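This report is for a reader who is seeing the structure for the first time. Please look over the sequence and the model before reading on.

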Amino acid sequence: MCQEFPGSPPAIINKDADSTGDLQSISPESSLAYRRRVLLLGGTGSGKTSLAKSLASGSSQTSDGTTESLDVHVWSPFHGTTYENLLENEPTGYERSMVLDVWDLAGRKVWQKFHHLFLTPATLPVIVFNLADQESCEEVAKIVDLIWAKVPSSRIVIIGTHVDKLSQEERNADKCQDVLGILRNRHAHCIQKIQQEVHNLRNLSETARTPKCNQRMRHLEELLQRFPSPPTSIIRCSSKTAKGLDDVRRDILQAVLDTSRQYSVEQSMPIRPVTADVYDDIINLRKESNVVVSARDVHELFAKHEVGLSKEVEADEVAFLETSGVTQCISGLSGIDEDNLVCINPPALAKALCLVHMSDTKKAFRFEAKRFWPKSESGNSKKPNPAVLVQALEEVATEGLVRESMFPLLWQDLNMNEKQTKLVLDLMARLGLLNRAADAHGDAEKKCLELPNYPGLLAKIQHRLPLLGLTPDTGPTLNWTPRPFKGDAQIGWRYTFPLGTPPGLVPRLLVMCRTNTPGAMYRHHWKNGVLLKMGQVSVNIKQPDTGQLERVDLYVRVTVDEEGEKRATEVLWTVLARFLVVAERFLASWPGLYYQVSVLPSSMYYRSESIMEELEIALLDVIRESAARKKTMDVCIKDQKCKVNVDCLLPLPGEADLSITRWLDWLANLDIQLSESTPSIQEPDDQPSSRNSSQSSLQPSGSPPRPSPSPPRGDSPRVLTSPPVKTNKKAEIKWKLDNGWRRVSMEDELKEIKKVAASFVAAILAGAVAQLITEQSRTEDRGRTLMEKEAKHAAALASARAAQAAQSGNAEAAAMAVVAAAQAMDNAMLVRKKGSKGTTMIKSRMCTIM
Ligand SMILES: Nc1nc2c(ncn2[C@@H]2O[C@H](COP(=O)(O)OP(=O)(O)OP(=O)(O)O)[C@@H](O)[C@H]2O)c(=O)[nH]1
C-alpha cells in the first residue's frame, strides 16, 4: 500500500520486512575512559552534518539531505592522527584516550526548543552557521543567549561554514566581525541590566536593606561573575574544501581539554571497578531498549556490584557517568529523590523527542505492520484502516495531539516496550514537554489504533505537545473573568525577563506548574496559559501578550467569605507558593537566566480612585514593608499615589532571614485544607496531580521550614488540620451582582455577565450537538463506507471544538463551531443518502489515500 500526498504531511508506508528498532546505531558505545559530548547547534542547512562527518572521518565531507533527528558521530581525535600537534600543550596519556560523541541534532525550529536539555556542564556547545546565509548569521546570537542562560560557564566554539561560497566582496566585508559585534552588544546589554538592579539595591538606605535584599544582591553579583565574556573569535571553514577544518579541530579539542582540566577529571582515574560494572549493565539495558530508569534502579546497580559503597562515593561515580554522557538525570526537580528518573541513553531520548515532535512536512511515515499488529491465533490481524491511521498522524503534525497508543509507532526505531514507553512519557510530563489533553470521545473506531503488544496505551487518551505551539489560543472567560468581582481577593506574582527567555521555556513552565503541583486541578489550557484550581482558589498562569518585556503572571483568586480578607489572603499565598515552588525549581535549572519578581495586588488591597492600570510592586518592597510591620505602604504609579494595605496583602512574611525560595517552601508546606472547588462546566481531563483536592483551612502554625515536597506524582495531600477557613457554599454563584460599592464598573460587569450567559448557552448547545452526533454514530456505524465515516468524524470534531470553545468561555467561537458541527452532520447525512458505494479514493484535508 502506498499513498501519495499532494501537500506536506505524513504518508504511511508499510515496511515489508520484519525489523526491530535500531537503538544501538544511535548510541554507539566504545570505551568509557574519557568520553565527552560535543553538541552541534545551528539551524537547518547550517552545515552541522557535513562538519560532524568531516571531523569523525578526518577528511572533508559534505552531506546531502537533512538530518531526521539525531546522528552521533564518534570521533577519536588522537587515534592514528597527528592532531596533538595542533594543541598548545601535548595531551597526557589519559587525554589521548579521549573519545568525542559529536551530536548532530537536526536544526528544525521546534527541535531547537529542547536542545538545551542536552546541554550539560560537561558538554561542549559548538555553534554552526552558514556564512553565506544572512538568516543563519542572525541565529548565532539567539543560540549564544540559550547557552548563557542554561550553562553560563560553558566555553563556546563558533564556526562559520560555507566559506568557499563567499564572493571576494563578502570575504572582505567579514561577516564574522558583524556577528561578533552583535554578541558584544548583547553581552554589554545583559551586564548593564543586571548591574542596574545591583546599583539600585546598593543605593538603598541601611534600614531598607533587609536580609532578602542582601540575598538578592549576592545572587546578582554571582550571576555577574558567572556571566562569561563574549566570544572573541569565529572560525571560518568549508566542509567542502577542508579550508579551516584544522582550526575547527584545534579549537574543539582545546576547549574540551581545558574544561576537563578545570574539573580535574584525571583525578577520578582509574575508573572504579564498580563503575565499569555498572556501565556494562547500562550497556546491556540499552541493548534491551531501555532509555529511562529510576534513580533507585541506578542505586541498586551500584549496590549489586559493591556492597557498602558510601553515599558520597556513589554520588561521585554517578556524576562521573553523567560527565561522560552515559547517563543524564534530567528531571531536575528534586536532585536527591530516589524517585527521580535517570536517562541511561541520552541519544535515544533526544531521538524520541525529535520523532514525536513531528513535522507536517514529513512526506512518508513507514512502519512495519506485522510488528505492531501481529496475527492472532486465528490468523487474523486487526490492522487499522489506513485512513484512521493517517488522521491520527495528522493530529500530531497539525494539532500537536498524540493518542497514547500512537507512541510506539512514532518511536518504532527505539523498539521500547510498554513499560519503557510509559517511563519516557512520565519523564516528558515531568519536564513539561507533554500534558494530557481532553480524552477523545465518540470515536470507537479509533480503538483499532490500540496495539496488541501495548494494551495499556489507549487510543482515547490524548497528549498535547506544547512545544509544537499548536495549542488553541482561546483563553478562558467562563471560569476566569479579566478582573476579579467585588468580594474576590486576588494576588498576582509576575516574573519579568528583561533579557528575554530561551525558546520553549515559557510553554514548559506552564505545563510544569500544571503537572507537578500537588492538588492542582486542571480547568483549561490554551496557548499562552493554563487555568487551574486548588480547592476554592482559581489559579491562572499566563504569558501576557502585551508589553515589550517577556513576562509570566501567576494569579490566584478566591471569594472572601465570613472569615475575612486577611484569612482569604493567607489561603491565596499558600496556594500560590505551591505553584511557585515548582516554578522556582524549574527556573533554577537555568542558572544564567535573569528575571525579576513583582506582586500584582487586586484593588481589594489598595485605595485609589484614579488608578485604572494594574498595580505592580517589586516583591522585595512588599516584603520589606511587611517585615517592618507597616500597615500601609505608598506606591506611585504614573505620578498617582496610592496606599496599599500591606498588612493585609502579605500576612505571612515568614522569618526575615529566610531566602525567597525557603520562604516559599515554608508557605507551601503550611497545613491547609482547601475546600472542594465549585464544579466547572466540563472537566476535560484527570491529570494525576488533579486528584489531590481537599477541604479548606490554613494553619499558619509558624512551624519550622520543612524540606519542600518532591515533585508530586501520587496523591499526596497536605495534612488536614485546623478548622476550615472557608465553609464552602458549593452552590454560590460567583458573579452575583452586588448593589454596594463596586470596583468593577457596572458596564464591565454587565458585559462579563452577558459573556458568561452566552457561554453557557453555547456550552449547552455544543453538548447537545456532540451527544446527538455520538448517538447517531453509535446507531449507524455499521455498514458505513469510509467516506461516510470521514464525514461523521468531521462532525464529531466540529462538535468537540464547539465544546472546547464553550469550555474556554469563548461564546462566539462556540457558536460558530456549533454551526460547523451541524453542517458537518448534514454532510454526513447527505453522504449516507447518496449511498456512494464502491468509493475507492479517500481525500482527507492533508492527504490522499488510494
Ligand atoms: N559549499 C559548501 N557546502 C556546504 C558546506 N557545508 C555544508 N554544505 C552543504 O550545505 C547543505 C546543508 O548541509 P548539512 O551539513 O546537511 O546541514 P545541517 O546543518 O546538517 O542541516 P540539517 O540536517 O537540516 O539540520 C548540504 O547540501 C551540504 O552539502 C560548506 O562548507 N561548503
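The model is predicted: local features need pLDDT of at least 70, side-chain atom pairs count only at pLDDT 80 or more, and totals for chains, interfaces and linings use all residues. Residues are numbered from 1 along each chain as its sequence is written, and side-chain values use heavy atoms, with hydrogens and water left out.

**Whole protein**

The protein has 25 helices and 27 strands. Helices (H or I, at least four residues) and strands (E, at least two) are DSSP runs, numbered from the N terminus. Of the 850 residues, 55% are buried. Buried means under 20% relative accessible area, exposed over 50%, and partly exposed in between, with a 1.4 Å probe and protein chains only. Among contacts (heavy atoms within 4.5 Å) between residues at least 6 apart in sequence, 77% join residues at least 24 apart.

**Helix α8**

Helix α8 covers residues 211–226, which is 16 residues. From its first C-alpha to its last, α8 reaches 22 Å, close to the 22 Å expected at 1.5 Å a residue; the expected span is 1.5 Å times one less than the number of residues. Lys212, Cys213, Arg216, Met217, Leu220, Leu223 and Leu224 are the buried residues of α8. Seen down the helix axis, these residues fall within an arc of 140°, so they line one face of α8. The arc is taken from the directions from the helix axis to the C-beta atoms. An α-helix has 3.6 residues a turn, so residues three or four places apart point the same way. The cover over the buried residues of α8 includes α7 (175–202), β19 (596–601), α20 (619–627) and α22 (660–668).

**Gln420**

Gln420 is placed in helix α17 (residues 418–430) and is buried, at 4% relative accessible area. Its side chain reaches the backbone oxygen of Val292 at 2.8 Å, a polar contact being a pair of N or O atoms within 3.5 Å; within protein, one must be able to donate a hydrogen and the other to accept it, and residues adjacent in sequence count only if both atoms are side-chain atoms. Leaving aside residues up to four places away in sequence, Gln420 touches Ser289, Asn290, Val291 and Val292.

Most residues other than glycine have a negative phi. Two exceptions are tabulated here.
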